[in-house]
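Open the coordinates in your viewer and keep the selection tool at hand. The stops below go from the whole chain to single strands and helices.

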Amino acid sequence: MCLVRMRRLEKFRLYLGLALLGAVGSAYATGQPYRLSDFQTVAKFDAHVHANTQDSALVDQARADGFELLSINVDYPDFPSLAIQAQIAKDFRAKDIAHFHYATTFSMQGWTQPGWANDVNAQLKAAVSDGAVAVKIWKNVGMVERDEKGQLLSIENPVFDPVIAEIEHLNIPLIAHQGEPHNCWLPLAQMTTDNDRSYFAEHPHYHMYLHPEMPSYEALMAARDRFLGRHPQLTFDGAHMASLEWDVDLLAHFLDTYPNAVVDMAARMTQLQYQSVRHYPRVRRFLLKYQDRILYGTDLTANPEDKPTQVSRDAHSMWRSDWIYLATPAKQWVAPIHSQVKGLALPRSVINKIYHDNAIRTFLQRPSPLK
Ligand SMILES: [Zn+2]
């Protein structure tokens with residue numbers, strides 16, 4: 001072969017190589033999905049867990065599966081005391097400041113007394129100085145706490161105004177769980193997912209269908225929305241898909257109305273899967289359109305009485321199953337909705353945001369007035 005021809009051939013090979021590289025590159029750019037084998041190596045962030053024990057099974061499994069964690073302290077009677085939750089969070093953070101983050105909370109005890117908001121604000125400031133990156137408000141506001149006349153405390157009550165002002169000043173997001181899943185207001189037989197059905201069968205005092213004297217779902221959502229309307233500067237993280245988990249169109253409207261709001265997916269994946277089994281393109285379009293506003297989260301909880309091996313197994317299995325659903329096109333059987341569920345195969349760039357970047361932006365890249 002003459003030299004010139006050889007050079008031409010090399011040139012052709014080079015072009016072919018570049019063209020192939022280009023094709024692969026553009027495939028990734030246009031959204032070639034991740035595979036299951038990418039699960040452990042892609043950087044991920046679970047923005048809603050509860051590490052309620054010094055045992056490190058949950059944190060160790062997160063490290064093994066490539067997750068950073070946001071552990072959320074909650075004023076929930078079944079959890080350890082707020083002081084213990086805070087200590088556990090501080091201890092885990094001290095051990096791994098790069099991967100373990102936490103949200104503080106506050107007690108409603110004494111909220112009708114003067115000075116309550118000042119005390120809460122002092123506690124919030126101290127917690128943020130200690131490293132807390134958000135604050136949680138729970139459904140006891142709206143559904144449990146009452147004033148001296150027996151009236152339920154609403155999130156709209158002006159008692160919260162100074163606290164919200166302090167949260168805005170501290171420049172941290174408010175993680176809010178207001179209301180319950182829509183299923184909570186339905187009879188057990190009409191609920192769309194077995195996980196809701198078994199939870200409300202076991203917790204009848206939270207099953208609103210049985211308590212017509214309590215506020216309706218619509219009333220709680222409307223109060224939350226009016227609250228947001230009154231605090232347009234607040235960065236708001238609607239836990240559990242802002243309790244609009246049952247209809248992506250309603251959630252889209254919520255996100256359009258409140259531009260400072262994001263939502264986490266914690267404990268509501270089956271409701272999303274229930275919808276995508278019936279309206280696959282609608283759910284996929286929703287996640288693509290709101291790819292900057294959705295945080296991956298699970299609600300995985302490690303309590304002192306839990307067996308560490310079970311905690312690890314449950315965490316790995318949930319994280320892996322959610323990855324298959326969101327990141328890959330694979331089908332899997334989802335028992336709580338009795339369905340074969342096709343994966344959404346979201347583009348890599350979208351998965352990177354939902355699984356990581358949105359949480360980093362929301363919790364970790366905010367200038368603090370305390371520094
Ligand atoms: Zn939770």
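A residue counts here as buried if 20 or more other C-beta atoms lie within 10 Å of its own. By that criterion, buried residues make up 40% of the 371 residues in the protein chain. The model is predicted.

**Whole chain.** Select everything and show the C-alpha trace. The C-alpha atoms fill a box of roughly 100 × 50 × 45 Å along the principal axes. The radius of gyration is 23 Å, which agrees with the value near 21 Å that a compact globule of 371 residues would have. Of the contacts with a separation of 6 or more, 74% are between residues 24 or more positions apart. Switch to cartoon: the chain has 14 helices and 11 strands.

**The sheet.** Next, select the strands β1 to β9. These 9 strands form an open sheet with parallel pairing, and the order across the sheet is β8-β7-β6-β5-β4-β3-β2-β1-β9. Go to residues 294–295 (β8) and 300–302 (β9): both strands stand at the edges with a single partner strand each, so one side of each has no neighbour in the sheet.

**Helix on the sheet.** Select residues 57–64, helix α2, which packs on the sheet. α2 touches β1 (44–51), β2 (67–72), β3 (100–105) and β9, and its direction makes about 175° with that of β1.

To see the contact, show side chains for A57, L58, D60 and Q61 on α2, and for P308, V311, S312, A315 and H316 on α13. By class, this contact has 5 nonpolar, 3 polar and 1 charged residues.

**Strand β3.** Return to the sheet and select β3. Are its residues buried or exposed? In β3, 6 of 6 residues are buried. F100, Y102 and T104 point one way from the strand, while H101, A103 and T105 point the other way.

**Neighbouring pairs.** β2 and β3 pair in the parallel sense over 4 bridges, and L70 stands opposite H101 in β3. For the last stop, select residues 134–137 (β4) and 174–176 (β5), parallel strands joined by 3 bridges. Centre on I137, whose bridge partner in β5 is A176.

Terms used
Residues numbered from 1 in each chain as written. Predicted model: local features only at pLDDT ≥ 70, side-chain atom pairs only at ≥ 80, totals over all residues. Pairing = 2+ DSSP bridges. Helix = DSSP H or I, 4+ residues; strand = E, 2+ residues; numbered from the N terminus. Contact = placed C-beta atoms within 7 Å. Axes fitted to C-alpha atoms, helices over the stretch in contact; angles between N-to-C directions. Nonpolar A, V, L, I, M, F, W, Y, C, P; charged D, E, K, R; others polar. Rg over C-alpha atoms; globule rule 2.2 N^0.38 Å. Buried ≥ 20, exposed ≤ 12 C-beta atoms within 10 Å, placed from the backbone.
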